[in-house]
Amino acid sequence: MRRSLLTMLAVLALVLAAGGAVVAASGGEGSTVTRARLERSLPVVFAHTYVREAHLLGRHDITPASLHAQAMCDKHGPDVADVGPGGDWTCLMSWTDPQVPMPPEGYGKFEMNVHSNDCYTAGGPSKLVGFQTITDQHGDDVDNPAFEFDGCFDPSSSNAPTGVLFPSLFTVTSTTAGQDAAGRVRLQFTCGTGSAGCAGSVIATAGDVPLGTEPFDVKEEATGTLTFPTPVPSGATEVTFTVTMSTGVGPPKPVTLPRTLPVG
Amino acid sequence: MTAVRWELRKLRAQWRARAVLLAALLGPIPIAFILHGQSRPPKDSLFGRFATENGFALSLLILGFAAQWALPLLTAIVAGDIFASEDQHGTWKTVLTRSTSRSGLFWAKVLVACSFAVLVVAVLAASTTTAALLVVGHQPLIGLSGQTIDPHSALRLVAASWATTLPPVLGFTCLAVLLSVWSRNPAVGIAAPVVLGLVMQLVGALGGLDPARQGLLTTPFDAWHGLLASPHFTGPLTQGLVVCAVWGVVTLAAAYVLLRRRDITGG
């Protein structure tokens with residue numbers, strides 16, 4: 001009897017291992033966790049949560065409906081199917097609060113941890129929803145409900161695409177105008193989560209001296225480096241980069257970075 | 001019916017059954033006090049972030065935790081033992097020479113095990129919710145769509161949420177009965193359902209195993225989430241009911257056949 005029990009457990013373990021391997025190979029197909037369901041669920045939960053935060057702060061000028069929140073969600077990057085649980089979901093969300101305008105790109109970024117049981121934890125962008133602890137209208141320190149919140153969605157809710165799209169955000173990550181050995185200036189950038197990646201061009205000038213124009217075209221959630229052909233004149237102290245976007249959203253004003261001397 | 005009475009009497013005499021009921025009754029009280037005293041709420045679990053300041057959330061947090069292994073264990077302690085104990089004590093011949101048919105005895109034992117499971121869930125739910133409301137309080141609850149639920153509706157929803165654990169608990173009861181009949185060993189009957197439950201949880205937590213996940217006996221333990229959303233959804237609940245019914249019928253049928261075919265004359 002004991003032997004047959006061990007046999008049964010061994011068979012069970014083998015079946016589970018084989019099933020697990022098949023699943024690992026097929027990757028997330030058939031899960032109830034999908035982009036469309038998250039895009040429908042998150043704005044509802046967020047709107048209630050954000051209004052609750054506003055009430056804590058003594059504001060009564062917004063309602064969940066007046067926020068008109070809408071979201072675009074993405075799992076892991078451009079080359080991964082937007083389906084299945086994981087901690088690598090991000091959602092971009094826009095809403096209307098007369099006292100807190102959206103940044104130029106038009107949305108805030110939420111970090112999502114989505115579980116296989118159709119529940120998730122969302123972390124809000126602190127520049128739009130505030131930090132973890134806020135001071136309420138009575139002067140007490142309280143937890144900010146919108147900083148991090150839980151939600152669950154109906155696994156049989158509509159899975160039709162919501163059609164909500166937001167552009168990627170192009171950000172200059174260099175803090176100084178670094179140069180290579182030949183004196184050519186280099187610019188590092190990132191392209192954030194968004195529907196179509198980033199494309200456009202950057203014009204670099206040192207004072208009145210043009211250093212060249214470099215095009216870029218990258219997918220979402222990527223980093224890159226642009227090298228401008230003309231070496232920086234020896235007297236220049238800073239370099240100005242003007243970004244023109246054809247796809248995605250870039251810095252609205254030219255970015256000026258101090259020059260650093262070439263290494264070596 | 002005589003068989004049911006005898007089984008109930010045997011159950012009442014067991015210290016194990018009484019200990020389970022006592023644990024279900026008293027266990028939630030220290031848990032409520034300890035969780036209420038935490039300075040940082042246990043945010044990893046659903047409703048954990050409100051549990052230190054909201055009694056309804058605390059009750060639901062404990063519900064989520066109990067469903068992981070405590071509920072299968074509480075029911076298996078009786079259901080996993082109820083057949084195997086006759087083997088352990090060598091009493092099959094004695095009970096069957098009373099004017100009871102084998103199938104009559106089988107259904108009496110199943111009925112008693114299931115009734116005990118319902119009783120344990122009811123006691124645990126009532127004790128947990130009462131302790132949580134008395135220790136932490138009955139503030140309005142924040143639901144799973146971010147909506148605010150008034151205390152009156154919250155109490156109703158918390159009670160309903162605990163009630164939704166009955167189908168999977170009864171499913172685990174039937175599984176424990178099968179293991180009890182088949183292994184003839186109380187230790188296997190009690191421990192194996194809990195271990196299988198944990199394995200099912202692990203499988204359910206894997207991403208993308210969804211068709212298999214829907215058929216697991218542990219998935220219906222999550223069905224109450226739908227009651228706390230707005231608008232609420234009951235799809236997982238009805239699906240869970242079907243899944244638990246299938247598990248129950250299959251395991252009981254297997255247990256019945258095993259017991260009918262067994263040669264007990266040897267003792």
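Which hand does the crossing of α9(B) and α12(B) have, left or right? In this predicted model, the crossing is left-handed. Helix α9 of chain B covers residues 166–183, and helix α12 of chain B covers residues 235–261. Their axes come within 8 Å. They cross at roughly 20°. Angles under 35 degrees count as roughly parallel, so α9(B) is roughly parallel to α12(B).

Residues from both helices make the contact. On the α9(B) side they include B:P167, B:P168, B:L170, B:C174, B:V177 and B:W182. On the α12(B) side they include B:G240, B:L241, B:C244, B:W247, B:A255 and B:L259. By class, 17 residues of this contact are nonpolar and 4 are polar. None is charged.

B:V177 also belongs to the largest nonpolar core. This core has 117 residues. B:V177 is among those with the most contacts inside it, together with A:C91, A:M93 and B:A113. Leaving aside residues up to four places away in sequence, B:A113 touches B:V78, B:A79, B:I82, B:T173 and B:V177. Another core lies apart from the largest one. It has 20 residues, among them A:A177, A:L187, A:C191 and A:V243.

Chain A was also described as a whole. It has 264 residues, and 37% of them are buried. Its secondary structure comprises 3 helices and 15 strands. Among contacts in chain A with a separation of 6 or more, 62% join residues 24 or more positions apart.

Technical notes. Residues are numbered from 1 along each chain as its sequence is written. Chains are lettered from A and ligands numbered from 1 in the order in which they are written. This is a predicted model: local features need pLDDT of at least 70, side-chain atom pairs count only at pLDDT 80 or more; totals for chains, interfaces and linings use all residues. A nonpolar core is a set of buried Ala, Val, Leu, Ile, Met, Phe, Trp, Tyr and Cys residues joined through C-beta atoms within 7 Å. A residue is buried if 20 or more other C-beta atoms lie within 10 Å of its own, exposed if 12 or fewer, and partly exposed in between; C-beta atoms are placed from the backbone. Two residues are in contact if their C-beta atoms, placed from the backbone, lie within 7 Å. Axes are lines fitted to C-alpha atoms, for helices over the stretch in contact, and angles run from 0 to 180 degrees between N-to-C directions. Helices (H or I, at least four residues) and strands (E, at least two) are DSSP runs, numbered from the N terminus. Angles under 35 degrees count as roughly parallel, over 145 as roughly antiparallel, 65 to 115 as roughly perpendicular and the rest as oblique. A crossing is left-handed if the near helix is turned anticlockwise from the far one by less than a right angle, and right-handed if clockwise. Ala, Val, Leu, Ile, Met, Phe, Trp, Tyr, Cys and Pro count as nonpolar, Asp, Glu, Lys and Arg as charged, and the others, Gly among them, as polar.
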